[in-house]
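The following paragraphs lead a new reader through one protein structure. They begin at the ligand and then turn to a pair of helices and to some details of the backbone and loops.

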Amino acid sequence: MAKSCLITGAAGFIGSHLVDKWLALGHRVYGVDNMVLGKRANLGEALKSPNFVFQELDVNDLKSFRNFLQAHAKEEPIEAVWHLAANSDIQAGGANPDIDLERTFLTTYNTLKLMQEFGIPKIIFASTSAIYGELGGALTEQSGPLHPISNYGAMKLASEGIITAALERFLKQAWIYRFPNVVGSRATHGAIYDFLKKLKKNPTELEVLGDGSQEKPYLHVSELIEAMVFLFQKEQKRLNVFNIAPDGSASTVRFMAEATVRLAAPGAKMRYTGGSKGWVGDVSKFQYSIEKLKTAGWSPRLTSNETVELAINENLANLN
Ligand SMILES: NC(=O)c1ccc[n+]([C@@H]2O[C@H](COP(=O)([O-])OP(=O)(O)OC[C@H]3O[C@@H](n4cnc5c(N)ncnc54)[C@H](O)[C@@H]3O)[C@@H](O)[C@H]2O)c1
């Protein structure tokens, strides 16, 4: 088990929860984030801990990243990097592919480069359902061929590839986790976040992208973090690839929009923009098989709809 780890994207939504988890487990945590989407407020508690070292830096700025590692890697050897820095705005990456090349792929490439230089043996990578494209059916870790339909998915798949290639060169172990849609407190993006922001601006009407029929599994960030840490501690193959998701359930965009209106702005009218996709590159429906995760010994407790309602309330509390 890593006594000391580095988290890229540490001030982001999932990264900041992961920082809190490792600190709670008594570990020393190094965090970096360029604050493109990350927020210092997400690290409010963590920054008070003597076991947490944070620096605002861009992972692709190798000079600053190297200096950071040089300054700290000697204190206690870093055993693992949790690589979460990426572009999480899929629509922005669709409009400008450079965003995903730089923030989603090159951050992985450069993180591996410095891991080799500093002899860090383990990586845990935040991958995504978007790598499966529009395969359909219950997606297992063996599903293929993998033909992503977004630049984001393409650069995540390329990142998985560069990680498995690094296993041949210097890496000792890799954990690749394919997340579904993740929601909860401290969200920096996503449908619930967008709905609440729109309703704050105009509590009488909610614009919803698509026709509301898009249907995806939603997982609460607390369950995701639990599963990530569990698998890291339990699964010890050289390469450990897992889908992490709620068990069989999914939520429609219509359900999310209606629940958000009910909880945040009762009476607001819904205006659907139409079409089966929310945006270019949107995989409008997918379903995960999590048999491998359950066989490993971890099962989610919340359904997708329960998760969505919990997250709306949490994000509402954040917003006020
Ligand atoms: N939230 C989801 O539903 C979801 C689903 C699938 C995969 N993921 C993946 O999980 C990870 C975390 O996602 P999140 O939802 O917390 O998003 P997020 O945007 O809140 O977190 C990503 C963080 O990375 C930082 N970052 C981006 N480029 C950087 C760079 N060049 N150098 C340093 N920091 C940089 C951002 O500022 C941000 O704080 C990402 O890799 C994302 O692709 C998230």
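Predicted model: local features only at pLDDT ≥ 70, side-chain atom pairs only at ≥ 80, totals over all residues.

**The surroundings of the ligand**

Asp33 places a polar side-chain atom 2.6 Å from an oxygen atom of the ligand. For Ser88, too, the distance between a polar side-chain atom and a ligand oxygen atom is 2.6 Å. The protein buries 97% of the 800 Å² that the ligand exposes when taken alone. The backbone also takes part: a polar backbone atom of Gly38 is 3.0 Å from an oxygen atom of the ligand.

Which elements supply the residues of this shell?

**A pair of helices**

Two packed helices are described by the angle between their axes and the distance between the axes. For α2 (residues 62-72) and α4, the axes come within 11 Å and cross at roughly 35 degrees. The crossing of α2 past α4 is right-handed. On the side of α2, the contact is made by Leu62, Phe65, Arg66, Leu69 and Gln70, while α4 contributes Asn110, Thr111, Lys113, Leu114, Glu117 and Phe118. Taken together, the residues of this contact are five nonpolar, three polar and three charged.

**Details of the backbone**

Most residues other than glycine have a negative phi, and most peptide bonds are trans. Two places in this model depart from that pattern. Met35 is not a glycine, yet its phi is positive, at about 65 degrees. This residue belongs to the loop between β2 (28-33) and β3 (52-56). The other place is the peptide bond from Gly144 to Pro145, which is cis, with omega near 0 degrees.

The last stop is Lys285, in the loop between β14 (269-272) and β15 (287-288). Which residues does Lys285 contact, leaving aside its neighbours within four places in sequence? They are Ser213 and Glu215. With Ser213 there is a specific approach: the side chain of Lys285 reaches the backbone oxygen of that residue at 3.2 Å. Lys285 can also be compared with Glu134, from which it is 151 residues apart in sequence but 8.1 Å apart in space, C-alpha to C-alpha.

Notes: Residues numbered from 1 in each chain as written. Heavy atoms only, no water. Polar contact = N/O pair within 3.5 Å; in protein donor to acceptor, adjacent residues only side chain to side chain. Areas by Shrake-Rupley, 256 points an atom, 1.4 Å probe, with all protein chains shown as cover. Axes fitted to C-alpha atoms, helices over the stretch in contact; angles between N-to-C directions. Helix = DSSP H or I, 4+ residues; strand = E, 2+ residues; numbered from the N terminus. Left-handed = near helix turned anticlockwise from the far one by under 90°. Contact = heavy atoms within 4.5 Å. Nonpolar A, V, L, I, M, F, W, Y, C, P; charged D, E, K, R; others polar.
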